[in-house]
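Hi there,

Here is the structure I promised to send over. Have a look at it first, and then read on for what turned up.

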Amino acid sequence: MVTTLNNQTNANELIRVENLKKYYPVRGGVLQRVVAWVQALDGISFTIRQGETLGLVGESGCGKSTVGRTMLRLTEPTGGKVFFDGQDVFTLRGEELKKLRRNMQIIFQDPYSSLDPRVPIGESVMEGLRIHKIGTPKERYDIVIQTLKKVGLEEYHARRYPHEFSGGQRQRIGIARALALKPKFIVCDEPVSALDVSIQSQVLNILKDLQEEFGLTYLFIAHNLSVVEHISDRVAVMYLGKIVELTDREELFRNPLHPYTQALMSAIPIPDPKLKRERIILKGDVPSPLNPPSGCRFHPRCPFAMDVCRMEEPPLVEVRPGHQAACWLISSKEKTGESGSTLLKPKA
């Protein structure tokens with residue numbers, strides 16, 4: 001039986017995103033009028049439960065970072081709703097919004113550009129505490145030192161400037177800055193994409209240890225599926241501003257249903273030279289979000305596209321308990337009682 005996402009409820013959810021949209025205007029002409037819209041996000045919905053990590057994956061330019069920034073209102077939405085602990089984030093103003101920001105933080109992709117090069121990192125970590133008027137100057141300093149030690153840095157590091165640190169250390173500083181206010185929810189915007197593999201594992205382990213210690217909830221944005229498999233509880237797959245598949249980590253890597261997800265999975269290398277994975281090579285380029293295809297946005301590159309895929313957009317539905325996908329072929333298989341994903345494997 002296929003049920004819609006909107007029918008699901010979970011008493012333990014911390015975040016609920018409903019039909020989130022973000023369009024960027026394209027201006028042209030002498031008067032700089034709006035001539036088109038870039039559809040970065042076009043009606044996505046999902047939930048994040050308290051204490052879990054939701055991985056968000058997809059190709060570059062699919063809208064992953066825009067999701068995190070819009071949820072935190074670093075970018076104002078075009079439409080939709082985001083609920084945090086029952087509060088509608090987009091309706092809050094003034095002190096109410098400022099109070100909410102203590103519980104919703106972000107770790108940026110580029111730690112160097114997110115730090116002021118003229119300010120010692122201790123001051124950068126302390127900035128949020130000062131803005132929210134937390135404690136005395138002495139108490140704020142103690143919080144900064146404790147937070148730096150939580151991420152593997154020492155007290156003397158607080159007096160150094162960003163250019164004196166390695167990439168991995170700068171990312172630890174970014175984590176410390178997000179952690180200083182003791183938030184409930186952190187958006188991790190590709191926090192390890194610019195780091196060496198050995199440093200990636202250290203940063204990921206820090207994030208997991210902090211989650212266990214403080215009960216944190218993460219939205220982990222990445223394009224590296226191996227990283228997502230390591231840290232996520234559930235995974236959402238995005239394509240051109242839409243979520244095409246959402247399920248728990250083990251189910252996704254064991255039985256991906258959507259053709260796009262299967263193509264991504266086939267690109268993961270196997271750490272054994274004697275074994276080979278059958279690659280699914282997608283033809284063509286990713287369409288422009290300025291003029292997305294009609295119907296299913298993946299149909300120009302999908303080897304299984306049907307007529308309905310070109311005309312109607314498939315909804316994100318629950319195909320199996322806890323496993324949602326947006327694909328007309330999957331829906332038709334459910335109606336005929338077929339199981340498994342054999343029909344979605346490319347033909348030789």
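Ala222 sits in the loop that links β9 (217-221) to α7 (225-231). Please keep in mind that this is a predicted model. Is Ala222 buried or exposed? Its relative accessibility is 5%, and buried means under 20%, so Ala222 counts as buried. Setting aside the neighbours within four places in sequence, the residues in contact with Ala222 are Leu56, Val57, Gly58, Lys64, Glu190 and Val228. His132 is 90 residues from Ala222 along the chain, and the C-alpha atoms of the two are separated by 30 Å.

Next, the helices α3 and α4. Helix α3 spans residues 121-131 and helix α4 spans residues 137-150; they pack at an angle of about 120°, and their axes are 9 Å apart. That angle makes α3 oblique to α4. The crossing of the two is right-handed. On the α3 side, the contact is made by Ile121, Gly122, Val125, Met126, Leu129 and Arg130. Helix α4 contributes Arg140, Tyr141, Ile143, Val144 and Leu148.

The largest nonpolar core has 64 residues, and the members that touch the most others are Leu148, Ile175, Leu207, Leu210, Phe220 and Tyr260. What does Ile175 contact, leaving aside its neighbours within four places in sequence? Its partners are Ile107, Val151, Val203, Ile206, Leu207 and Leu210. There is also a second, separate core of 33 residues, with Leu54, Leu92, Met104 and Ala326 among them. As general background, nonpolar side chains tend to be buried together in soluble globular proteins.

Note on methods: Residues are numbered from 1 along each chain as its sequence is written. This is a predicted model: local features need pLDDT of at least 70, side-chain atom pairs count only at pLDDT 80 or more; totals for chains, interfaces and linings use all residues. Side-chain values use heavy atoms; hydrogens and water are left out. A nonpolar core is a set of buried Ala, Val, Leu, Ile, Met, Phe, Trp, Tyr and Cys residues joined through side-chain atoms within 4.5 Å. Buried means under 20% relative accessible area, exposed over 50%, partly exposed in between (1.4 Å probe, protein chains only). Contact means heavy atoms within 4.5 Å. Helices (H or I, at least four residues) and strands (E, at least two) are DSSP runs, numbered from the N terminus. Axes are lines fitted to C-alpha atoms, for helices over the stretch in contact, and angles run from 0 to 180 degrees between N-to-C directions. Angles under 35 degrees count as roughly parallel, over 145 as roughly antiparallel, 65 to 115 as roughly perpendicular and the rest as oblique. A crossing is left-handed if the near helix is turned anticlockwise from the far one by less than a right angle, and right-handed if clockwise.
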